[in-house]
There are 2 protein chains.
Amino acid sequence: MTERKVTSLDVAALAGVSQSAVSRVFTPGASVSKKMEERVRRAADALGYRPNVLARSLITGRSRIIGLVVGYLENQFYPDALERLSTALQAKGYHILVFMTEGSQSDGGEVIQDLLDYQVDGLVTASVGMTDDLAARCEAAGIPVVLFNRGQDDPRLNEVTSDNTAGAREVAKFLVAGGHRRIAHISGWHGSSTGRERAAAFRASLEELGQRLLAEETGAFSREGAAEAARRLMREAKPDAIFVGNDHMAFAVMDVLRFEMGIDVPGEVSVVGYDDVALAGWPAYDLTTLRQPSGAMVEATVDILMDRLEGRATAPQKRRIAGTLMVRGSARVPDGWEQGGAR
Amino acid sequence: MTERKVTSLDVAALAGVSQSAVSRVFTPGASVSKKMEERVRRAADALGYRPNVLARSLITGRSRIIGLVVGYLENQFYPDALERLSTALQAKGYHILVFMTEGSQSDGGEVIQDLLDYQVDGLVTASVGMTDDLAARCEAAGIPVVLFNRGQDDPRLNEVTSDNTAGAREVAKFLVAGGHRRIAHISGWHGSSTGRERAAAFRASLEELGQRLLAEETGAFSREGAAEAARRLMREAKPDAIFVGNDHMAFAVMDVLRFEMGIDVPGEVSVVGYDDVALAGWPAYDLTTLRQPSGAMVEATVDILMDRLEGRATAPQKRRIAGTLMVRGSARVPDGWEQGGAR
DNA sequence: GTGGGTTTTGCACAGGTATGCAAAAGCGAG
DNA sequence: CTCGCTTTTGCATACCTGTGCAAAACCCAC
């Protein structure tokens, strides 16, 4: 409390050298002699000196802070990604500053100013439909933006998504091969590209396979929304298979079917999700789902950021990570279907 | 990219006033005339000016950044708390900088330096057994530290926990009242106060009620550890009820019992958890558990931080939030037991 | 208009660091 | 030892803002 902050000047005084010398010792790649290094470090350790990142950032213009804009952490996919992202960035000397938006359908407008105020070096947005111009404004300010698990038509923006189209097609093939004839879809929020792409590709793929999508309801990426959608679906369209826009909603659907309506899954209705969060692999759900490899997606995100921050590439990248269908017990398995997918 | 950063000097020049005037307009509570305010704001808006938080923090000595040290986000309790904490702090003009430690049993030593480098105004540690002297070092540097959901004997440190002793006693009463006679416990990690307290209180409470704890295994707060513990327990001690140190482990235990060993829960074995994460309320698990009110715990955390940051209180606080038993379907319910607990 | 008191404004400096530039030191060869 | 070259060091300045202090402006009553 009474401890005054120890600065590079204090160290310099104790070591009997100039402040710039101290600065250079703590700046990788600066020109310092062996002897000087030794001397300064000894003094620094004695005083417990560490450079002030904020003061440093003021002059270098780099804060080593990455902003993360996120809407909700209820869907386990996001905490998992957050954990990986934070760890990966930490290894590179960056840290994550968290900005929560209200709800999953916000455009992030409330936090964008906050973000810029903190002079973040980069920006990752997850689970939020950030409007084009907001993100573009950041890019204009020289801040690289990566949309994580969400696309936007704007060609200026970086994106990392899984291949939603291929994924949805894989699910369609799987369900058709399994002999289902009344296939429905509970989609995510249509304001998000992820939700739209999966829905559109699923519908199109079914038609390629000679089927028509029986019905589509929107679950708004929320548990309650999905439960409602499932109830409507079973009351009216009566499908024998449901592809749900993500795992988080799929769990709600399975709960409604099994525990509220007494329907056997997969005996009477097959359920397939999207994401492959940890819970999907637990036997209580044992959910067949399309894995979005969050590890690879995070790697790609970090790659893009580093390219930009270290001044390598500058062209916007749209990376699309391939997923694989995880065949488990919530959907009928076609004869002869092998894990990893048939042709 | 080529856009130079717009500073208070630019605004001052455009408005034809001094830089200090601009500063004052953006400093709440400073002395500015109506006319000046109007004039500066117009210029600032025209240029898109916003004060640089980092430069500001350099001079005020407050960064408006709160460090959060966290070990893993797999246990849903923590993402939930993170979300609440971030939202609450944001409302007060603070933001969370995330520091991940390796695994749940780290002492946080790797990140402590990073933390201090960023000049955080305060520190919250969750799911990590931060050693006393590290936290004490932060306090010595004038940074308030709150241990979230973890206690430490050091009287200098702030803590927010649920009342583990009362909670464990409630569970003991519930299980005994339910007619169980072979009661076992799968504890968390004994390096954590949370784990120790729950285990000790549970054991003691059983003895007060005239029973002996049948067996205790450690689950190390991990899914795999808990599963192993459950297998050992059922192989050897054969309990008719298991109190598990947190929900995250309890789910693993239920999965092993039901799907691996074909044991009926709660017919043959009752399972009780601790935390009441969202998943506990989903019908697939329908877990009876002691609710840790994360909302109230976060409120208390923010309270303590604000007291210190706004220079009110300075004495360390140890807040203990009361929990309530959520009676659901994973454990036999004693006749006449009412939700909210019997006397 | 004058005087006293209250606001408002500008000036100048501080906060902790990185870096261009020039001076100093080191080094190796002759 | 001297010279030329490379490496190392110190000086001074810049980064962007908040704030104490004194000067200026304002307000109101006489």
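This is a predicted model: local features need pLDDT of at least 70, side-chain atom pairs count only at pLDDT 80 or more; totals for chains, interfaces and linings use all residues.

From chain A, the helices α1 (8-15), α2 (19-25) and α4 (53-60) each supply at least two residues, and from chain B so do α2 (19-25), α3 (34-47) and α4. The largest share comes from α4(A), with 5 residues. Sorted by class, the surface near DNA strand C has 13 nonpolar, 12 polar and 4 charged residues.

Now turn to DNA strand D. It is surrounded by 27 residues, the closest being Met36(A), Thr7(B), Ser8(B), Ser20(B) and Ser23(B). On this surface, α2, α3 (34-47) and α4 of chain A each give at least two residues, as do α1 (8-15), α2 and α4 of chain B. The classes here come to 11 nonpolar, 12 polar and 4 charged residues.

How are the two protein chains related to each other? Chain B can be laid on chain A with an RMSD of 0.1 Å, by a turn of 180 degrees and a shift of 0.1 Å along the axis. The two copies are therefore related as by a two-fold rotation axis. The residue of chain B that comes closest to this axis is Leu97(B), with its C-alpha at 2.3 Å. The same surface serves both copies, since 100% of the contact residues of chain B recur in chain A.

The contact itself takes 43 residues from each chain, A and B. On the side of chain B that touches chain A, α4 (53-60), α5 (77-91), β2 (95-100), α6 (109-117) and α11 (247-260) each supply at least two residues.

Leu97(A) has Leu97(B), in β2(B), as its bridge partner. The two strands concerned, β2 of chain A (residues 95-100) and β2(B), pair in the antiparallel sense over 3 bridges. This pairing sits within an open sheet of 12 strands, with mixed pairing and the order β11(A)-β5(A)-β4(A)-β3(A)-β1(A)-β2(A)-β2(B)-β1(B)-β3(B)-β4(B)-β5(B)-β11(B). At the edges stand β11 (318-321) of chain A and β11 (318-321) of chain B, each with a single partner strand, so one side of each is left without a neighbour in the sheet. From one strand to the next, the twist averages 20 degrees.

Within chain A, strand β1 (residues 65-70) runs parallel to strand β3 (residues 122-126), and 5 bridges join them. One of the bridge pairs is Val70(A) with Ala126(A) in β3(A). Helix α6 of chain A (residues 109-117) lies across β1, β2 and β3 of that chain, at about 150 degrees to β2(A).

Arg64(A), in the loop between α4 and β1 of chain A, has a positive phi of about 60 degrees although it is not a glycine. Gln119(A), in the loop between α6 and β3 of chain A, also has a positive phi, near 55 degrees. Arg64(A) counts as buried because 20 other C-beta atoms lie within 10 Å, and Gln119(A) is buried with 22.

In chain B, strand β1 (residues 65-70) holds Ile66(B), which counts as buried because it has 26 C-beta neighbours inside 10 Å. Beyond its sequence neighbours, Ile66(B) touches Leu89(B), Tyr94(B), Ile96(B), Val120(B), Asp121(B), Gly122(B), Val124(B) and Leu305(B). One of these, Asp121(B), is 55 residues away in sequence, yet the C-alpha atoms are 5.7 Å apart.

Conventions. Residues are numbered from 1 along each chain as its sequence is written. Chains are lettered from A and ligands numbered from 1 in the order in which they are written. Helices (H or I, at least four residues) and strands (E, at least two) are DSSP runs, numbered from the N terminus. A residue is buried if 20 or more other C-beta atoms lie within 10 Å of its own, exposed if 12 or fewer, and partly exposed in between; C-beta atoms are placed from the backbone. Two residues are in contact if their C-beta atoms, placed from the backbone, lie within 7 Å. Two strands pair if DSSP finds at least two bridges between them. Ala, Val, Leu, Ile, Met, Phe, Trp, Tyr, Cys and Pro count as nonpolar, Asp, Glu, Lys and Arg as charged, and the others, Gly among them, as polar. A residue is near a molecule or strand if its C-beta atom, placed from the backbone, lies within 6 Å of it. Copies are superposed by least squares on the C-alpha atoms of residues with pLDDT of at least 70 in both. Axes are lines fitted to C-alpha atoms, for helices over the stretch in contact, and angles run from 0 to 180 degrees between N-to-C directions. Lists of a residue's contacts leave out its neighbours within four places in sequence.
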